[in-house]
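User: I am new to reading protein models and would like to learn how to go from the overall fold down to single side chains. Could you take me through it step by step?

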Amino acid sequence: MNLTIFTDGGSRGNPGPAAYGFSIKDDLKELAGVGKYIGIDTNNVAEYSAVVEALKWVKANRELLGEISGINFFMDSELISRQLNGQYKVKHPVMQSLFHTVQTLLSEISLPTTFTHVRRENNKRADALVNEALDKELYS
């Protein structure tokens, strides 16, 4: 079974109130849908946070998931997908730290993993989770 993970991060103001969202699916259904407010930060930090937290979820739930043959990430951040694919350098110190956290988690999980950029309209679930988290924090 392959896991399909959609991730998104957003910041209203950039930097501003920020949140991440991720949706993890197997071949049949959504296994997890998480959105979380992370405080005042940039959209890029929120995007990376979504990848980090999705990988942490996979690592924590690995035994319950059964046989996993690979992980396919889809995100609407071209910058983050290109950095994770090694096409762009990671220059910002905070993003370097998050990048290294992703690399560490990937080595611990030890599964073939892809990172694919998709248009925003193909990332609706993760985007909705981000906006729900931001709206809950800002308007409740």
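This is a predicted model: local features need pLDDT of at least 70, side-chain atom pairs count only at pLDDT 80 or more; totals for chains, interfaces and linings use all residues.

User: How many helices and strands does the chain have, and in what order do the elements run?

Analyst: Starting from the N terminus, their order is β-β-β-α-β-α-α-β-α. The radius of gyration of the chain is 14 Å, close to the 14 Å given by the globule rule for 140 residues, so the chain is as compact as a globular protein of that length. Along the principal axes, the C-alpha trace spans about 40 × 35 × 25 Å.

User: What share of the residues counts as buried, and what share of the contacts joins residues at least 24 apart?

Analyst: Of the 140 residues in the chain, 44% count as buried. If we take the contacts between residues at least 6 apart in sequence, 69% of them join residues at least 24 apart. The accessible surface comes to about 7,400 Å², and carbon and sulfur atoms account for 49% of that.

User: Which residues is Leu65 in contact with, leaving aside its neighbours within four places in sequence?

Analyst: With those neighbours set aside, Leu65 is in contact with Met1, Leu3, Leu31, Trp57 and Val58. A distance between C-alpha atoms is another thing to read, and for Leu65 and Asp26, which are 39 residues apart along the chain, this separation is 9.0 Å.

User: How many positive and negative side chains are there, and how many salt bridges does the count come to?

Analyst: The chain has 15 positive and 17 negative side chains, with the centres of the two sets lying 3 Å apart. The count of salt bridges comes to eight, and one of them joins the side chains of Asp135 and Arg12, with 2.9 Å from N to O.

User: What separates Lys56 and Glu53 within helix H1?

Analyst: Lys56 and Glu53 are three residues apart in helix H1 and are therefore separated by about one helical turn. They form a salt bridge in which the closest N and O atoms are 3.5 Å apart.

User: Where do Arg120 and Asp76 lie, and is Asp76 buried or exposed?

Analyst: Arg120 and Asp76 form a salt bridge, with their closest N and O atoms 3.9 Å apart. This pair links distant parts of the chain, since Arg120 is in the loop between strand E5 (113-117) and H4, while Asp76 is in the loop between strand E4 (70-75) and helix H2 (78-84), 44 residues apart. Asp76 is buried, with a relative accessible area of 13%, whereas Arg120 is exposed, with a relative accessible area of 57%.

Conventions:
Residues are numbered from 1 along each chain as its sequence is written. Side-chain values use heavy atoms; hydrogens and water are left out. Helices (H or I, at least four residues) and strands (E, at least two) are DSSP runs, numbered from the N terminus. The radius of gyration is taken over C-alpha atoms; the globule rule is 2.2 Å times the number of residues to the power 0.38. Buried means under 20% relative accessible area, exposed over 50%, partly exposed in between (1.4 Å probe, protein chains only). Contact means heavy atoms within 4.5 Å. Accessible areas come from the Shrake-Rupley method with a 1.4 Å probe; for residues, only the protein chains shown count as cover. Lys and Arg count as positive and Asp and Glu as negative; His and the chain ends are not counted. The place of a charge is taken as NZ of Lys, CZ of Arg, CG of Asp or CD of Glu. A salt bridge is a side-chain nitrogen of Lys or Arg within 4 Å of a carboxyl oxygen of Asp or Glu.
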